[in-house]
Protein chains: 2
Amino acid sequence: MEGSFVVTPWQVEGKIDYAALEKQFGIKDLDRGLIERIEKHTKVLHPFIRRRIVFAQRELGWLLDEYEKGNNFYLYTGIAPSGGMHIGHLLPFMLTKWFQEKFGAEVYIQIPDEEKFLFHSFKGDAKLPLEEYHNLAENAALNIAALGFDPKKTKIFIDTDYAKTLYKQAVRVASRITFSTVKDAFGMDNSANIGWIFYTSMQAVPAFLKSVEVGHNVPCLIPLGVDQDVHFRVARDVMGKLGYYKPAILHSKFLPGLQGDDKMSQSSDNKTGVIFLDDSEETVFKKVGMALTGQQATAELQKKYGGDPDRCMVCQYYKFLFEPDDIKLEKIFDAERNGTILAGEHKKDLATRINRFLKEHRDRVAETKKQIDRFMVTD
Amino acid sequence: MEGSFVVTPWQVEGKIDYAALEKQFGIKDLDRGLIERIEKHTKVLHPFIRRRIVFAQRELGWLLDEYEKGNNFYLYTGIAPSGGMHIGHLLPFMLTKWFQEKFGAEVYIQIPDEEKFLFHSFKGDAKLPLEEYHNLAENAALNIAALGFDPKKTKIFIDTDYAKTLYKQAVRVASRITFSTVKDAFGMDNSANIGWIFYTSMQAVPAFLKSVEVGHNVPCLIPLGVDQDVHFRVARDVMGKLGYYKPAILHSKFLPGLQGDDKMSQSSDNKTGVIFLDDSEETVFKKVGMALTGQQATAELQKKYGGDPDRCMVCQYYKFLFEPDDIKLEKIFDAERNGTILAGEHKKDLATRINRFLKEHRDRVAETKKQIDRFMVTD
């Protein structure tokens, strides 16, 4: 069907209409007024915010009200790995790290090793043993910590390691969510396994865990990929009933796949559109070389008519991650529009940038490895 | 309906036909042959076995085969408290302790604090906060340890405290159980909360946990009240698929209520039929005084015709718990049959025995309190 798309935590397909998604999920625009309120406190704005990559929110106004009353928030985000990390995975963490810096906020990062294990069991996929998901979770923790989080203000936890803390609270959440509710929210049927059914209550916990720990309510801000909103649609009301604040949420768009898929996803069959954090330089050149651009069919036509930056994945990758400077980004877009850059050069430049980013990231990972224990909590 | 009854982990009602239950659950008689095989190793038999209070089993023959090959088993049992402990709760633990002594077996005791919390939430009952169930669980742990378990060979754990160990394994079980299965097995519908749906996978874990810990398969024997069998009907196949032995099970009948209910249950409205471990001497005299006996309407008639020990709760209490000597028990039954004992004296004797038992038990509890940490595991 023309224009149809699906966005769930386990499936993102079709051409996503983010405006339609706001309506469907009942979330609100991150509008000019809210952006200005953020800017008042942060002086500068993160490119994700300036460029509307973070596009929607729940109750951000309330969160800023609380902040302005002196009631600082903490941040919660996470990732459920089903394979190696790719650069698209980093977006919510980069934004979270920026908020930590600007607001001096604590950060809770949940890495559920059981989530994809349970979901894959449901689908009947060839699945890894749980231990392998735990290894993936440890690898994710390292790559996330390496983004520069403050170890004094950041807790990273893997669900099965941290279950002593999480399960007790998850039980309280779960007691107030019926199968009917998760069935409708997640599109389950009676063949869903009982671990997957329960799982959403584990994901809810970090949104009020800080309040449990300190014994009074602390506002929570959750930056996430918009596909994760459903977990909090289900759990927000429950948190209210348990006497906690409902969390505020910031929703990001997905980094598109290099070949124009709307989400860079390792679960898609086509892995050439996905840049993994451990891809070699050569692999990056090869993958970017196959990227979809907005250019014309021939160099002649491109020089004459120019291309469309919105349809050019090279331009989009600069916009999402690889050119933080708005003026320089506009120059890149102009070159595409005016036909003054051809696909080959355009791609080579981007691949070089990506490789530089990956090298720097891997150097930080090597450094972070030595002190990863400062981030991880297990009790 | 005449003859109808219900036995689930959350509801026991009606006049229980234990033979019908065996068919319904697909469990087998604890027959003469098996009892003799136990006796060969233990020399004596526990009264619960001699008197067929333990009446059914799953795969006990296999367990004894393994034992005779030198492959000793461990024991697993548990209780999910929803209030104070009563004497009926002690039966599976007394039997478990006896097996520990006779076979030098390790014992795992699970006290799920979340189970009744989740079930009560489902029923919409006025429910306690989870912390209160945790307090009840601690109290249960103390009363169980006081039965004389060997602290060197006994682990007691409360689910939310031990979730770091339990949740990881429960996820593996849960991944292979669908909602359809628990729906049918436990009589749930879509209004069941997702914690209650998941819970059975937590109860399954201790049946193979020892095998996980030591890295090879160890046979497990589970003495339980027959109402708990359903959890293992659901999980036994899963354990097989995960590569572990399926546990052997011994099923006990319920200690009847003093007024003739088929299960001494604190959840029944009529608490006068239930002897709690903290009942005062006076309360015990009062409750036993109201017990149903098998006697005739008047002392005259009783002396003339005698009574029926099978319908006399006083006789049944001697049989279940308060007269281990078979010859003495037969004398008590004869006195009832022949009308040589009248209800008042009969009841006074039993109440005196119960009070002696409770006093001794409470003395052991006070002693055990000092060393309860030797039993509890939390990591």
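Reader: Leaving aside its neighbours within four places in sequence, with which residues is B:Tyr318 in contact?

Author: The model is a predicted one, in which local features need pLDDT of at least 70 and side-chain atom pairs count only at pLDDT 80 or more, while totals for chains, interfaces and linings use all residues. Residues are numbered from 1 along each chain as its sequence is written, and chains are lettered from A and ligands numbered from 1 in the order in which they are written. Two residues are in contact if their C-beta atoms, placed from the backbone, lie within 7 Å. By that rule, B:Tyr318 touches B:Glu323, B:Leu329, B:Ile332 and B:Leu350.

Reader: Where does B:Tyr318 lie, and is it buried or exposed?

Author: B:Tyr318 belongs to helix H15 (residues 313–322) of chain B; helices (H or I, at least four residues) and strands (E, at least two) are DSSP runs, numbered from the N terminus. A residue is buried if 20 or more other C-beta atoms lie within 10 Å of its own, exposed if 12 or fewer, and partly exposed in between, with C-beta atoms placed from the backbone. B:Tyr318 has 23 such atoms within 10 Å, so it is buried.

Reader: How does one describe two packed helices, and at what angle do the axes of H15 and H16 of chain A cross?

Author: Two packed helices are described by the angle between their axes and the distance between the axes. The axes of helix H15 (residues 313–322) and helix H16 (residues 326–338) of chain A come within 10 Å and cross at roughly 175°. H15(A) and H16(A) are therefore roughly antiparallel (angles under 35 degrees count as roughly parallel, over 145 as roughly antiparallel, 65 to 115 as roughly perpendicular and the rest as oblique). Axes are lines fitted to C-alpha atoms, for helices over the stretch in contact, and angles run from 0 to 180 degrees between N-to-C directions.

Reader: Which residues make this contact between H15(A) and H16(A)?

Author: H15(A) contributes A:Cys315, A:Tyr318 and A:Lys319, and H16(A) contributes A:Leu329, A:Ile332, A:Phe333 and A:Glu336.

Reader: What rotation superposes chain B on chain A?

Author: Copies are superposed by least squares on the C-alpha atoms of residues with pLDDT of at least 70 in both. Here, a rotation of 180° with 0.0 Å of shift along its axis brings chain B onto chain A, at an RMSD of 0.0 Å. The two copies are thus related as by a two-fold rotation axis. B:Lys164 is the residue of chain B that comes closest to the rotation axis, at 2.4 Å (C-alpha).

Reader: Which residues of H9(B) are buried, and which are exposed?

Author: An α-helix has 3.6 residues a turn, so residues three or four places apart point the same way. In H9(B), B:Phe179, B:Thr181 and B:Val182 are buried. Seen down the helix axis, the buried residues of H9(B) fall within an arc of 160°, so they line one face; the arc is that of the directions from the helix axis to the C-beta atoms. On the other side of H9(B), B:Ser180 and B:Asp184 are exposed. The cover over the buried residues includes H9 and H10 of chain A, together with H10 and helix H12 (229–241) of chain B.
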